[in-house]
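This briefing covers the aromatic side chains of the structure shown below. It begins with a count and then takes up individual rings.

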Amino acid sequence: MTTTERIARILVWCTAGATVLFLMTPLFVAVAVSFGSSAVFTLPAPSWSLRWYEALGRSRELWSVVGTSVQIAFLSTLIALVLGTLAAIGLLRGEFRARESIVTFLVSPLMLPGLVVGIAMLEAYRAAGLTNVWTSLLVAHVVITLPYVVRTVYASLALFDFTLIDAARTLGLSYPRAVAKVLVPSLAPAFVTSGMFAFLASMDNYPISIFFTDAWTKTLPIQMLQMVEESPDPTIAAVSTLLILLAAAVLVIGDRMVGLRRMADL
Amino acid sequence: MTGFRRLDPVSLLVAPAVGYLGLVYGLPLLLLLGHSFVVDGTPSIASFVRFFADPFDWMVIANTLRIALAVTLVSLVIGWPTAIALARAKGAAQAAILVAIILPLSVGVVVKAFAWQIVLRRDGVVSQALVWLHVWDEPQRLLFTETGLVVGAVNVFVPFMILPIYSVLKLVDPRLDEAAATLGAGPFFRFFLVALPLSLPGIVTGVAFVFSMAVSMYVVPSLLIGDRFQTLATLTGRSFLFMRNPQLGSTTAVVLLVLAVAVVVGSAKLSRRFGGAS
């Protein structure tokens, strides 16, 4: 190994190490602040305390916002799983000339500026007379969750051997039972990971939700940004820590189901 | 075409998803595009003429592109080596890098931008460290500066640079580099003639992802630089949410949309060309 190569190798590993630390910084900071006693985010914290978690536990307003966010995320993920799986099966089993264009259209909400999509939807829903906040949030969030399901389930279904279903039917299973016994188990990892990422994407969405919320019905990111701008206190850090825990749980489950390396496939 | 004659029932399964997205997402986008070319009920490009005639709007466009370029460049400089390390790493090192990428990706942008507000303050960790290292003589505030904005935005978007490059590199046979060395190529030749062309499709995709996300980011600039610095996205958001000026908002939204679509479509063409060559 020449000197140049050795230097290049050292540079690569140092940059990677620094990037790992850099990526984790905001998460460490949020967790550290949430357990600190300081109301003005002093780091290192003067002493440790659980007061912000107590404040969080007492906050009725915050928990009702969390409730709305979880409901919307759960229902929109469920609808996306149904629509997305049907579409993936249709795309792979049906006869299409424009298969790739349809897939691109179905995942395109991920690639366009969320703010622009939000504005377009707001104007159209208003014109159509849809003014209920909760309903329009749900309708809009399916647009956010569907691309995750289509992308993952389509990729996973493309590897599925459909003759297995015929084999199961030859062996005496009815068509629905064959699907339930053969197809569903082999798609389970795709359902779980895409469902989890879709759920998180809905929970975390800001640029689309901001156009559909009002003073009474809000989602968590909207409420949090408002708190950061108006009355920042470490309760926000406590909420953040719980969200980080949720993401960590998703990571652990995803690792068990499909492995970290496959989760990294964009 | 005689497509309808042979339309089999299975392909109808696509209809609910396509119909749904077409109705609640595709149609609204088309309407937004259409509306921006109508002023007072008649077709007109007046709002675009007015937009591009205003020097303030050009400054906003310049701000948007400058920040997005800086974010993309920094992401490439730190993301490419990280992707190389990830492709070569094994066991615990690989797991550590993957966790450091996937975990922050699953945490919302509001959480991360909020944490950077704390890190970039005058008495924040960065300022304390730089004073301790004698880089700075006295504590300084990075929050509400362009540097602070770039740092925060790179933090949020760099995973979208690392992952596409990694997904290309993990398929590359490591013996290619050894083969080039055996044939007598020096490190510089090997970098420019072997490593760079092999990474290129991933780099094109990563650059397109990061650039289009940085152009349209809204939460990060709102929290890290504030109202005095406007980008196309913050101007679009503000004209709808605070200024109640939907005419301006839909004009900037269309400019933003065109920019983002151009980047995505252009990069898809480019990466297909590079991908076909290898």
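How many aromatic pairs does the structure hold over all chains? The model is a predicted one, and it holds 12 aromatic pairs over all chains. Selected contacts follow.

**Phe105(A) and Tyr25(B)**
- Phe105(A) and Tyr25(B) form a tilted aromatic pair, with 6.1 Å from centre to centre and 45° between the planes.
- This pair crosses between chains: Phe105(A) is in helix α4 (residues 99-107) of chain A, and Tyr25(B) is in helix α1 (residues 15-36) of chain B.
- Phe105(A) has a relative accessible area of 25% and is therefore partly exposed.
- Tyr25(B) counts as buried because its relative accessibility is 2%, and the cut-off for buried is under 20%.

**Tyr206(A) and Tyr218(B)**
- Tyr206(A) and Tyr218(B) form a stacked aromatic pair, with centres 6.0 Å apart and 20° between the planes.
- The pair counts as stacked because planes under 30 degrees apart fall in that class.
- The Tyr206(A)–Tyr218(B) pair also crosses between chains.
- Tyr206(A) is in the loop between α8 (175-204) and α9 (220-230) of chain A, while Tyr218(B) is in the loop between α10 (187-215) and α11 (219-224) of chain B.
- Both Tyr206(A) and Tyr218(B) are buried.

**Ring cluster in chain B**
- Phe51(B), Phe52(B) and Trp58(B) are linked into a cluster by ring pairs.

**Charge over a ring in chain A**
- Arg93(A) lies over the face of Phe162(A), 4.1 Å from the ring centre.

Note on methods: Residues are numbered from 1 along each chain as its sequence is written. Chains are lettered from A and ligands numbered from 1 in the order in which they are written. This is a predicted model: local features need pLDDT of at least 70, side-chain atom pairs count only at pLDDT 80 or more; totals for chains, interfaces and linings use all residues. Side-chain values use heavy atoms; hydrogens and water are left out. Rings of Phe, Tyr and Trp (its six-membered ring) pair if their centres lie within 6.5 Å; planes under 30 degrees apart count as stacked, over 60 as edge-to-face and the rest as tilted. Helices (H or I, at least four residues) and strands (E, at least two) are DSSP runs, numbered from the N terminus. Buried means under 20% relative accessible area, exposed over 50%, partly exposed in between (1.4 Å probe, protein chains only). A charge sits over a ring if NZ of Lys or CZ of Arg is within 6 Å of the ring centre and within 35 degrees of the ring normal.
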